[in-house]
Amino acid sequence: MHGIAGMIARRLGQLVPVAIVATFVVFSLVFLMPGDPAIIIAGEYATPERIAEIRHLHGFDQPMLIQYVNWLWKVLHFDLGTSLYSSEEVARLIVDRLPHTILLVVYALILGAAVGIPLGILAATEQGSTLDKIITTTASLGVAIPNFWLGIILVTFFALTWRIFPATGATPFWQDPVEAIYYATLPAIALSTGVVAVLARQVRSALLEVLGSQYIRTLRAKGLSSGAILWKHGLRNVAATMLTITGLQVNRLFSSAVILEAVFAVPGVGSLISYSALNKDIPVVQGIALMLVIMVILTNLLVDVLNAILDPRVAAST
Amino acid sequence: MTDTDVTTIPAARTAPTRAAPPAPARFGFWAWMRSDKRAAVSLAYLLLLVATAILAPYVAPYPPNEQNLLDLLMPPSEAHWLGTDDLGRDTLSRLMHGSYNALYAAFLAVGIGVTIGVPVGVFIGFVGGWVDELISRVIDGILAFPPLVLAVAVTGALGIGLTNAMIAVGFAFAPVIARTMRAQTLVVKNALYVEAAQGFGGSRAHLIVRHILPNAIQPVIVEVTLMLAVALLAEAGLSFLSLGVQPPESSWGGMLARAYHYVEVAPAQMFAPGLAILFTALAFNALGESIRVLLDPTIKRR
């Protein structure tokens, strides 16, 4: 296990610059705002004294780099500031809402992998068949369809017409897991289409590449059955690719969740960030963007570690 | 228009890295269209869409903002082919006008991504060293963000509106393009013909503009075409969230938001804008895939 521990240490080292840039991007959002941030925070009708006070309080009168370091210091102590709109603590807001988003994303990821990977395997083993053509065509539809439109269609049929699923809303997972999953089903389906499509495509082409390689041909010549080739050699060699691509989908899912949470009125961080962006509530926007980018970075790390455990050569080579 | 068969182009078949000397891509346009029916249909559809976007004020049956309060949320009829929305506005006319915003948004976002990404990518790939190291880390940092989350955040900071929203999307695209461009520049810059040009005393600027850029840009062309679909979907999504196109201007995403609001009264209203987004995204994707095959015939054989 020494190799894996070493790999994790090296990966963490590589993540430091990425984290610095990502946090700096989040921090500098304030500077993109037209006008003086102190005036925005103080409100339109604040007195010049009050504005000056706030400018000093928030450190807007200091050099940008100092401000960044101060901001980062606070962030590292879970102080993300307060909402300009509701004056609630941003960290509190995020902690309350993040579980809804995580449930949706994990649910969609499981659905996407459970449907997409078998479809990709099926398409690769039946390459050129009608089934393969149906799968690849459906996959190109899956990447082009607007998720939120699919969400609206699902609501119309499954909630409003047939009344199988609730149209909108959510239940906290720890209160009632079954109810929570029931509520999350329609949005998770709408969310998962992109993942299904990407995984089906990528698994198909990765598997085709492996199945077309020299050593598989040798195995085939030695008389190994195609079932044994697929399960013992083909899939084992694309496992790492599958895992990596599945991990990369977390990024896409957080993006889609921003819109889908609005469609399904899910009280997660996705609906909160768009609502806060509309209201120019920058501390909340910053807090959520920061939280999501950290989760993406950690997911990538997790995928690397899993890959290294699956295949020790990876740990040795990086 | 020369009628050469696309599949016989002496292109990068033997050198998939494209470090080969500049093979002049003299393909016949019509041969390409004939060899890939899906690309032909997509291109025809997109040209029609561009024409619609430009000519909407002249060919749309009604002005896009004309309200007819006696005909609210009407189903499709002879007078209103796609029905009317909650303010009695003609859906077909709004769809036609919305195509302008959709295309404007897609090209603006991708244009910003290219304008930042291509020069940065070529530059860091060419100079290498600590500059490359530093900027590559910045690229990694921006790429870690879920793109739409970054776009929503930047739009929130800049202020809502279509142009700001697309600047934000373009900002999310730039690092993707820069990374591809950098990788290609690394491949091309050590090619013999670049060294030869250098030997003849070509300046850095000359090398980059005349030799590296034209040979490194091919994968970016494919990437950019596929990005048009992503930008289109982003515009629809951001306008759906009211962060993009502002009412009363029409956009497909905004139309979907209104249709969703009245979905129990007039469910038919949600289909046309959704299909418009889907078809346009499909067309950009099909065109991008077709260009990919065209530029690298080795893919086709897989």
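Biologist: What makes A:I117 count as buried or exposed?

Modeller: In this predicted model, A:I117 has 22 C-beta neighbours inside 10 Å. A residue is buried if 20 or more other C-beta atoms lie within 10 Å of its own, exposed if 12 or fewer, and partly exposed in between, with C-beta atoms placed from the backbone. A:I117 therefore counts as buried. Its place is in helix α5 (residues 90–125) of chain A; helices (H or I, at least four residues) and strands (E, at least two) are DSSP runs, numbered from the N terminus.

Biologist: Which residues is A:I117 in contact with, leaving aside its neighbours within four places in sequence?

Modeller: They are A:L199, A:V203 and A:M242, where contact requires that the C-beta atoms of two residues, placed from the backbone, lie within 7 Å.

Biologist: Why is A:S87 called exposed, and why is A:K280 called partly exposed?

Modeller: A:S87 has 7 C-beta neighbours inside 10 Å and so counts as exposed. A:K280 has 16 such neighbours inside 10 Å and therefore counts as partly exposed. A:S87 is placed in the loop between α4 (64–76) and α5 of chain A, and A:K280 in the loop between α11 and α12 of chain A.

Biologist: What is noted about phi in A:S87 and in A:K280?

Modeller: Phi is near 50° in A:S87, a positive value in a residue other than glycine. For A:K280, also a residue other than glycine, phi is positive and near 55°. Most residues other than glycine have a negative phi, and most peptide bonds are trans. In chain B, the peptide bond from B:P247 to B:P248 is cis, with omega near 10°. B:P248 lies in the loop between α9 (218–240) and α10 (252–261) of chain B.

Biologist: Why are α10(A) and α11(A) given the description they have?

Modeller: The axes of α10 (residues 226–263) and α11 (residues 269–278) of chain A cross at roughly 90° and come within 7 Å. Axes are lines fitted to C-alpha atoms, for helices over the stretch in contact, and angles run from 0 to 180 degrees between N-to-C directions. Angles under 35 degrees count as roughly parallel, over 145 as roughly antiparallel, 65 to 115 as roughly perpendicular and the rest as oblique. The two helices are therefore roughly perpendicular to each other. On the α10(A) side the contact is made by A:A257, A:V258, A:E261 and A:A262, and on the α11(A) side by A:G270, A:S271, A:I273 and A:S274.

Biologist: How many residues does the contact take from chain A and from chain B?

Modeller: The contact takes 40 residues from chain A and 42 residues from chain B. The residues on the side of chain A that touches chain B divide into 32 nonpolar, 7 polar and 1 charged.

Biologist: Which residues have the most contacts inside the largest nonpolar core?

Modeller: Among them are A:I273, A:A289, B:V149 and B:A153, in a core of 166 residues. A nonpolar core is a set of buried Ala, Val, Leu, Ile, Met, Phe, Trp, Tyr and Cys residues joined through C-beta atoms within 7 Å. Leaving aside neighbours within four places in sequence, B:A153 is in contact with A:L29, A:I273, A:A277, A:V285 and A:A289.

Notes
Residues numbered from 1 in each chain as written. Chains lettered and ligands numbered in written order. Predicted model: local features only at pLDDT ≥ 70, side-chain atom pairs only at ≥ 80, totals over all residues. Nonpolar A, V, L, I, M, F, W, Y, C, P; charged D, E, K, R; others polar.
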